[in-house]
Every structure is written in C-alpha cells, then in structure tokens.
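Please look over the sequence and structure shown here.

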Amino acid sequence: VVELLGASSVGSLQRDNSTKSTGERKKPPKPLLTSAQKEKRLKFAKRELKKGATKHSKQYVFEDESLFEGLTTSPGQWVNRDEEPPPKPRVAHPPKVMVAGAISWFGKTSLIRVAKGVKMGADEYISTLEEGIVPDIQQIAGNKPWVLALDGTPSHRSKKTTKWLNDGGFSALSGWPPNSPDLNPIENIWG
C-alpha cells in the first residue's frame with residue numbers, strides 16, 4: 001500500500017481513520033470578540049462620540065491595576081543553533097506586587113502599591129483612589145476638568161465605588177465594553 005500511495009498519503013489515511021473512529025476533530029479557533037461584544041463596543045463608541053469624545057478626549061484619565069511577578073523566567077531564550085541554553089533557575093513562589101496607576105494628557109500618577117494578599121474589592125479600590133490616584137490627578141490636572149476612564153472590573157463598577165465617585169463630584173466614563181483592554185492605553189504600559 002505504501003508503494004502505491006506514498007508515505008505521506010498513508011499518514012493522511014491513518015490520521016483520517018483515527019479521527020473518524022474516535023469522533024475527534026480540530027476545535028475551530030475562538031473569535032477574539034463575539035458579535036455581541038463587537039456590538040457593545042460600537043454602541044460605546046457611538047455614545048461617547050455623541051457626547052463629544054473627540055473634543056473632550058484630553059480630559060480622560062485612564063486608571064488600572066496590574067500584578068507584577070519578580071524572578072520569573074521567560075518560556076524561551078535566544079541561543080545559537082550549536083549552543084545549549086544555560087539552565088534557568090526556578091522559583092517556586094516568586095514575589096508579586098500589585099500596583100495601581102493612571103495616565104492622561106496631563107501626565108501620570110504615582111504608582112500606588114496594593115497591600116500584599118489584599119483582594120481588590122470596592123473598599124480597597126476606593127482606598128487606592130482616595131489615597132493616591134485622585135490626589136495625583138487633581139495635582140497634575142490643576143483646575144482643568146477630567147474624567148476617570150474605568151474598565152468593567154467589578155471593583156470599578158460596584159455600587160459602592162459609583163456612589164463614592166458621585167458623592168465626591170468626580171466624573172467617570174461608564175459602560176466600558178467587555179473584553180476591551182485595548183481601549184485603555186495604560187494596558188500598553190503594563191506590558
């Protein structure tokens with residue numbers, strides 16, 4: 001059979017037969033955004049344009065949090081073909097630090113360190129805003145108006161956070177579409 005069909009055809013037949021007998025098939029790639037998510041992004045953009053987003057874009061302050069790990073090893077490294085890569089040290093529990101920060105047309109805030117082991121709920125988030133982010137924004141923006149752009153993280157959109165922002169007279173961009181970290185330029189800084 002191999003002589004008649006060739007080695008590559010035999011391999012294809014074996015693959016086809018094993019796939020058919022077990023019912024296996026290659027999983028189709030999942031789209032980055034579903035149709036519903038695309039629709040929500042479009043609605044968000046149209047709503048913001050109606051409100052004058054292009055005119056007021058310099059007022060947006062993009063805030064976010066990120067977790068950084070120390071002593072991590074990358075999955076690969078560059079070596080010449082004839083070289084053996086040196087062994088990489090492994091750390092069972094690398095040190096981690098969570099920070100919050102914001103960027104805007106006016107400038108950047110300081111990085112606010114979140115206490116180790118603290119889950120970023122509404123109380124911790126409000127504390128982060130009160131103790132660092134908002135005072136820094138007020139300092140760099142001066143008396144110019146600003147709008148806090150918050151993504152859909154539960155601590156950002158909680159009733160408690162919304163009430164705190166409203167009570168403080170702070171403007172916040174609401175209705176951030178799901179799966180849209182690409183809309184927040186601070187994500188590019190976190191890497």
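## A loop asparagine

Does Asn184 count as buried or exposed? Asn184 has a relative accessibility of 2%. The cut-off for buried is under 20%, so Asn184 counts as buried. This is a predicted model.

Asn184 sits in the loop that joins E5 to helix H8 (186-190). Its side chain has a polar atom 3.5 Å from the backbone oxygen of Glu63. Beyond its neighbours within four places in sequence, Asn184 is in contact with Phe62, Glu63, Asp64 and Trp176.

## Confidence

Mean pLDDT for the protein is 82. A value of 70 or more is reached by 83% of the residues.

Where pLDDT is low, predicted coordinates should not be read in detail.

## Helix H3

Helix H3 spans residues 35-50, 16 residues in total. From first C-alpha to last, H3 reaches 23 Å. That is close to the 22 Å expected at 1.5 Å a residue.

Which residues of H3 are buried? They are Gln37, Arg41, Phe44 and Glu48. Viewed down the axis of H3, the buried residues fall within an arc of 60 degrees, so they line one face of the helix. An α-helix has 3.6 residues a turn, so residues three or four places apart point the same way. The cover over the buried residues of H3 includes helix H4 (53-56), strand E1 (60-69) and strand E5 (171-173). On the other side of H3, the exposed residues are Ser35, Lys43, Lys46, Leu49 and Lys50. Gly52 follows H3 and has a positive phi, near 95 degrees.

## Helix H7

In H7, the buried residues are Thr161, Trp164 and Leu165. They cover an arc of only 95 degrees around the axis, which puts them on the same side of H7. On the other side of H7, Lys159, Lys163, Asn166 and Asp167 are exposed.

What covers the buried residues of H7? The cover includes helix H5 (122-141), strand E4 (147-149), helix H6 (154-157) and E5. E5 is also among the elements that cover the buried residues of H3. Just after H7 comes Gly169, with a positive phi of about 75 degrees.

Technical notes. Residues numbered from 1 in each chain as written. Predicted model: local features only at pLDDT ≥ 70, side-chain atom pairs only at ≥ 80, totals over all residues. Heavy atoms only, no water. Helix = DSSP H or I, 4+ residues; strand = E, 2+ residues; numbered from the N terminus. Expected span 1.5 Å × (residues − 1). Buried < 20%, exposed > 50% of the residue type's maximum accessible area, 1.4 Å probe, protein only. Arc of directions from axis to C-beta. Contact = heavy atoms within 4.5 Å. Polar contact = N/O pair within 3.5 Å; in protein donor to acceptor, adjacent residues only side chain to side chain. pLDDT = per-residue confidence, 0-100.
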